[in-house]
Amino acid sequence: MKPVKIAMMSLTHGHTRKYYQTLKENPKLDWVAACGDSPDVIDLFNRSVTGIPCYASAEEMFDRHPDIEAVVLASGNSRHMEQVTMCASRGIHVLSMKIPTFDMDEYDRMITLVDQADIVCQVELEMHYNPVIHRIKKIVAEGALGKLFAFQATNITLSPVWAFPWQGVPELSYGKRVPLNDHDSRFRGGALCDHPHIFDMIRWLTGSDFEHVFAQVTPNLRTELEVEDVLLVNGKMKDGTTFLLDPSWSRLEERIPVPGPGWEIFPKRMEVNMALHGEKGVLMADCFGPNVYHNGAPKDRYTVRYTYFDEWIGMVDEFVDCIRNHRQPQINLRWHRKTIEAMNACYESIRTGQPYVWKEGV
């Protein structure tokens, strides 16, 4: 199979650095260029990656490399619509970060653009390529747990705001400045906007969609943020499965501009844990469990070295296969739309103080 000529745009998302090794070493890819959103971003890229030219604008990158077939949109949430529009106009395939947009009208325009351009648009939800998730899905599909009654999951991390400031700006993270509610000085655009995975996973594992959600926020751990950092969501799926989801920034961090060793104050910078309760039994899983903990630099702090499978390999493999075989990936815009709807519904529940209930047939 001919390698796909690929580029990266913006370089401001928290997952940016995770792509560097995959894009350089995956034989199915030919990484040809990148573009950064600022001189500082470009300088950091040039100090991290050698042999890949990095440009100050996407236009210059595309003009200099007309052979680019696909891009990774490693950008803030508010940039995705303009960048998908740019790529669709050039027939360039897209691997988008995990939040295409929270504006559902904009989301539908994005779907139309992708359809009209006949390009692949895959949404980066790398949890689907985690081996623990594969094992859970197999166990559920085989009926080992019987009918599922309840699903509990955490997607808790430290906050990326200090390294990726757009995530602390409501207009850039959520897309506009919307107060959490009439009695709260904070705005939409915080931890919830960073953690779609568990909202997606319950849909994936149950094969059902949301019936209702009820969400609440607490006072922030980080009082200087104007977006939420701790919240809890419960509700029920249309198949009757109840759930409790925690998508918080509840792991504290050193506030450094570039993520690195010692960033964690608590040893684990993230935890994705699940408990599935069925009529035949209960399954509990730590999706990022097999790690090595050690005392190390820079502060002789108890830190973590991740040893789990690199989900980006499987995700990129599917992206390439979809491009070469002209098919849409499992996590495409249409599939992911209902996950984003559910996250918006959580914000609506926080605003009203009441459950958000989907209308019959929707």
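This is a predicted model: local features need pLDDT of at least 70, side-chain atom pairs count only at pLDDT 80 or more; totals for chains, interfaces and linings use all residues.

Visitor: How many aromatic pairs does a search of the whole structure find?

Guide: The search finds 10 aromatic pairs. In one of them, the rings of Trp 31 and Phe 45 have their centres 5.9 Å apart and their planes at 80°.

Visitor: Why is the pair of Trp 31 and Phe 45 called edge-to-face?

Guide: Ring centres must lie within 6.5 Å, and planes over 60 degrees apart count as edge-to-face. With centres 5.9 Å apart and planes at 80°, Trp 31 and Phe 45 are therefore an edge-to-face pair. Trp 31 belongs to strand S2 (residues 29–36) and Phe 45 to helix H2 (residues 39–48), so the pair ties together parts that are 14 residues apart in sequence. Both residues, Trp 31 and Phe 45, are buried.

Visitor: What makes the rings of Trp 204 and Trp 335 an edge-to-face pair?

Guide: The centres of Trp 204 and Trp 335 are 5.4 Å apart and the planes stand at 85°, so this pair is edge-to-face by the cut-offs of 6.5 Å and 60 degrees. The pair links distant parts of the chain, 131 residues apart: Trp 204 is in helix H9 (residues 197–206) and Trp 335 in helix H11 (residues 333–352).

Visitor: Why does Trp 335 count as partly exposed?

Guide: Buried means under 20% relative accessible area, and exposed means over 50%. Trp 335 has 21% relative accessibility, so the term partly exposed applies.

Visitor: What makes Arg 251 and Glu 271 a salt bridge?

Guide: The N to O distance between the side chains of Arg 251 and Glu 271 is 2.2 Å, and the cut-off is 4 Å, so the pair qualifies. The pair links distant parts of the chain, 20 residues apart, with Arg 251 in the loop between S10 and S11 and Glu 271 in strand S11.

Visitor: How do you know whether Arg 251 and Glu 271 are buried or exposed?

Guide: Arg 251 has a relative accessibility of 14% and Glu 271 one of 13%. Buried means under 20%, so both residues count as buried.

Visitor: Why is the contact of Lys 268 with Asp 286 called a salt bridge?

Guide: The side chains of Lys 268 and Asp 286 meet at 3.0 Å, N to O, and this is within 4 Å, so the term holds. Lys 268 lies in the loop between S10 and S11 and Asp 286 in strand S12 (residues 282–286), so the pair ties together parts 18 residues apart in sequence. Lys 268 is buried because its relative accessible area is 8%, whereas Asp 286, at 31%, counts as partly exposed.

Visitor: Which residues make a nonpolar surface patch of about 250 Å²?

Guide: Leu 221, Leu 252 and Ile 265 make this patch. Ile 265 is found in the loop between strand S10 (242–246) and strand S11 (270–278).

Visitor: What makes Ile 265 partly exposed?

Guide: The relative accessible area of Ile 265 is 42%.

Note on methods. Residues are numbered from 1 along each chain as its sequence is written. Side-chain values use heavy atoms; hydrogens and water are left out. Patches are made of residues with over 30% relative accessible area and no salt bridge: like charges are joined within 9 Å, nonpolar side chains (Val, Leu, Ile, Met, Phe, Trp, Tyr) within 5 Å. Accessible areas come from the Shrake-Rupley method with a 1.4 Å probe; for residues, only the protein chains shown count as cover. Helices (H or I, at least four residues) and strands (E, at least two) are DSSP runs, numbered from the N terminus. Buried means under 20% relative accessible area, exposed over 50%, partly exposed in between (1.4 Å probe, protein chains only). Rings of Phe, Tyr and Trp (its six-membered ring) pair if their centres lie within 6.5 Å; planes under 30 degrees apart count as stacked, over 60 as edge-to-face and the rest as tilted.
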